[in-house]
Amino acid sequence: MSTKEQRERIELLQGTLDLLILRTLLLGPAHGHAIAKAIEFNSDDVLQVEQGSLYPALHRLIKRGWVSVEAGISENNRRAKFYRLTTKGRRQLAVETSKWERLAGAIARILRPAAQEGKS
Amino acid sequence: MRRRKRMLEELDQDIRDHIEMETQENIERGLSPEEARYAALRKFGNVTRVAEETRAAWSSMWIEQLLQDLSYGIRALRKNPGFATVIVLTLALGIGANTAIFSVVRAVVLAPLPYPQPDRLVMVWESRPNVKTLSASYPDFLEWQRNTRSFGMMAALTFRDYDLTSAGAPQHLNGMEVSSGFFATLGVEPAKGHDFTPLEDLPHGTPAVIISDRLWRTRFASSPQALGKSILLDGTEYTIFGVLPPGFRFISDADVYTSLAQGEPLLYNDRTIHAIVSIARLKPGVSIGQAEGEMSAVQESLDRLYPVADGNLGANIVPLKQQIVGDVGGTLILLLGAVGIVLLIACANVANLLLVRSAARTREFAIRSALGASRARVVRQLLTESVLLAMTGGILGLIVAELGVSQMLAEFPQSLPRAETIGVNLPVLLFAFSISLAVGIAFGLAPARKSSRADVQSSLKSGDRGSTRSHLGSQSALVIIQMALTLVLLVGAGLLLRSIGGLRKVNPGFNTHHVVTFKVGLSPSLTRTASDTRMAYQQLLDRIRRIPGVQAADFTNIVPLSEQDNGGPFWVGPQQSTSMQDAPHALYFETGPEYLNTMEIPLLRGRFFTPADTADSEPVIVISSVLANTYFRDQDPVGQTITVAHWHTARVIGVVGNVRHWGLGDPGTYNPSQIYISFYQLSDQWIPAFARALSVAVRTPLDVATIMPAVRNVVYGTGGDQPVYSVRTMQQVVSESMASQRLPMILLAVFAALALFLASVGIYGVISYSVTQRVQEIGVRMALGAAKRQIFKMVIGQGLRLALVGLTIGAAAALILARLISSFSHLLYGVGPSDPVTFVSVSLVLTGVAVLACYIPARRASRVDPMVALRRE
């Protein structure tokens, strides 16, 4: 039971992480470290993601054909893998984004009246 | 997949690079190299786990989950071994019975014949009004061979027994006389040596024989030297031409095949004697209808050429497989339906058990979905468990099937064509596998859907073990279905039982008790001439009659109820008025004078034969009551004359009772008239052919095991080359004649008993579960003054209601089904499909069993202690 429990939770997180990776790659191809940095920077360090969990997520996205890989040279002149958003991935990002927005909107609507109640 | 390999190969390097970049960045921020690396590692997380999860991203999720579900399922079932055992055993019985019957249906009905392009093979028969499949005459067959274009090849054969007397102990062998081209028509060649050539179709050629692989191995120790050697069959030397491939078989297990032209000249020279079975291979693209059209044209020309012999003869072509399988196909399909019902009942039981269990597991699944398991995932988990159960049941079922089939074949050795190929093979395994899978999914789906739909909130909140009312509803429905299906099976078995009972009550026209029949192959040295043969049989019978305990004994060419046939045309008076085919036909018994006493057939008028009726005295015949009533309605037949085709015009000396030759339940449409001729009065030319067919019948109060050694003693006393074989009591013959009813009756009875048992377990389970659920209610009732008897009656009543509803539905279904079955088969005899005795008694049995099954839970309910029950809150 316990392993199952963890797995379910990770799946939940991964969904979000996938979305963030796709969004980051929309700006252009990047290598793994750069993606991690970008997510940290763009979320003002609010999202504390273990950098390692990036890799299972990336591989899953590759498997689904949303992200492709190419060889490249990093900014400090090293050979590195660059991840690029595919057309399919771009479409998926649109879907995921609208889904996320609807979810966030719904949660916000639920939370707002509760907050007002608390005030009065 | 290659992409996956490349991606994973470089994964470790990618991770190292990533950590190094982070370290570099940290150093640039001013940390010491050691601190920088440590921080980078911490930020990255567990490297091993990351690598593992990344690999998992590439692995096939469903296989992994399946394995997980499987191991979880096995653990869950092992925690509850009683539950699992009951389910597995129930399914093993259901799947086993189905697999057993399927293996029979496959081998007998579905499997193609074991020859190349078997669907092109046909049997060609002559036909006359009322007789659809009449054996052909050999001269007619030759005309067909010459004048038809529809067939690629055509061959003729007759079945014949041989006594092999050279090279070792005398042995009785089954065989065939065939025309050249017989093996080629079937598409088979001898494995060693060579086939017959058209030369062997000519009379007076070299007697040649082709032997089976089995005979070659047992008699000639598989020696290649056997080819070209000669063996002594019925006193004639035959040269071994060839050995057939192992496993070759055509209709019967024959060991020797000789050429037709070497056989009895009467059988193949006379156009009016119909003794030939004809097989043919249709040319590619020629349909049976086209071939039949061509055959009728040939038959019409024969009609014009030979009006006496062939007037009014038609032709009839039957696919070889249909001919061999005969009408058991319908019976087998019926049985397949019956086992299907048993399986449904078994599934209903299992579904019931799973429903109870899923009720108990509602909380477990609520917790799972609360933790994020999707509904599909829960359903899949439950289905994995039920399929696991079904597969285990299926494996056990295969064992059940194997045992059941071998038991059935031992019980009914001759009743199924092609029985030699019945067994567990790949198609049967596939069948067992697929019904196990289907069953697992079918009975798993309902409880699974129910559980997965359960309301998480309420299930978690209530400390209760699950919702009960809705489950009880589905369970009751399942019990009603079980009861209905069981009643259908019981009615089927009951009707067949009544049919057998009806058949047993039929007077066969002779006394079937205390009679043993057997055949004796007289030494060729004793049967060189016709008069020698007559003498030899007379002496043999004299010796047998002198054995202590033998009351009467004599021989006959056809044993009643044994399916042996010997029909032919006759005329009242000396004048032949019409063609052979339009003349009335009778069944001819060629017997000795003591035959009537031996069989205890009643003599109605005149006398039977005496030893004084010989080849030299006036030809006389005895006729049966049916013939007498049909052709001598207003006169005394005794003293009248009848002409027997191929024999004499003979005087009628007596009238005897008719014998039910074609089966106890035979409607009497085929050859109902019977004529007795004394074997000793047969013409010399006919003696060899009929002597071979003779069976000895012995009336004795002793049992077979006591009398037969004495018989063998006197037979062997006359020479070492006389085998005794085909020993059967008349009772065995009678039983075998009812095999077409007995086989389905016994199997249906077994299935009905199985269904009754499963259904009673089912109703017991449901009532007992409902009592457990209602303990508090019962406690309240008792506290409020309900008597034990009332509670008892209430529970029994609950069960009885289910049983009665099921019974009503079942009776309606059984009425329709029985009518359907009786419309296309001859299984029922002496009972109507809606036989009230069967329906009432079967309903009583089912109700009784249902009440018994409810008795235990009812007693438990009536003994509930109200104080204990109420405190259970």
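Reply: **Where the chains meet, and beyond**

Chain A has four helices and two strands in its secondary structure. Please keep in mind that this is a predicted model. Read from the N terminus, the order of elements in chain A is α-α-α-β-β-α. Chain A has 120 residues, and 28% of them are buried. If you take the contacts in chain A between residues at least 6 apart in sequence, 50% join residues at least 24 apart.

Now to the meeting place itself. Chain B brings 20 residues to the contact and chain A brings 18 residues. On the chain B side, the elements that give two or more residues are α2 (11-28), α3 (33-44) and α4 (47-58). Sorted by class, that side of chain B has 10 nonpolar, five polar and five charged residues.

At 1.5 Å a residue, the 18 residues of α11(B) should span 26 Å, and the end C-alpha atoms are 25 Å apart, which agrees. The buried residues of α11(B) are A291(B), M295(B) and L302(B). These residues cover an arc of only 30 degrees around the axis, so they sit on the same side of α11(B). On the face turned away from that buried side you will find the exposed residues G289(B) and R304(B). The buried residues of α11(B) pack against several elements of chain B, among them β1 (121-128), α7 (138-147) and β3 (151-164). The list also includes β10 (277-282), α12 (307-310) and β11 (314-319).

Next come some strands of chain B. Strand β14 (residues 567-572) and strand β18 (residues 641-644) run antiparallel and are joined by three bridges. In this pairing, V572(B) stands opposite I642(B) of β18(B). Three bridges also join β18(B) to strand β19 (residues 649-656), again in an antiparallel arrangement. Here T641(B) has R651(B) in β19(B) as its bridge partner. The hairpin of β18(B) and β19(B) has four residues between the strands, and in this hairpin H646(B) takes a positive phi near 70 degrees.

The last stop is I707(B), which lies in helix α24 (residues 704-716) of chain B. Is I707(B) buried or exposed? I707(B) has 23 other C-beta atoms within 10 Å, so it is buried. Leaving aside neighbours within four places in sequence, I707(B) is in contact with V516(B), G549(B), V698(B), T700(B) and L702(B). I707(B) and P548(B) are 159 residues apart in sequence, yet 8.9 Å apart in space, C-alpha to C-alpha.

Methods
Residues numbered from 1 in each chain as written. Chains lettered and ligands numbered in written order. Predicted model: local features only at pLDDT ≥ 70, side-chain atom pairs only at ≥ 80, totals over all residues. Expected span 1.5 Å × (residues − 1). Buried ≥ 20, exposed ≤ 12 C-beta atoms within 10 Å, placed from the backbone. Arc of directions from axis to C-beta. Contact = placed C-beta atoms within 7 Å. Nonpolar A, V, L, I, M, F, W, Y, C, P; charged D, E, K, R; others polar. Pairing = 2+ DSSP bridges.
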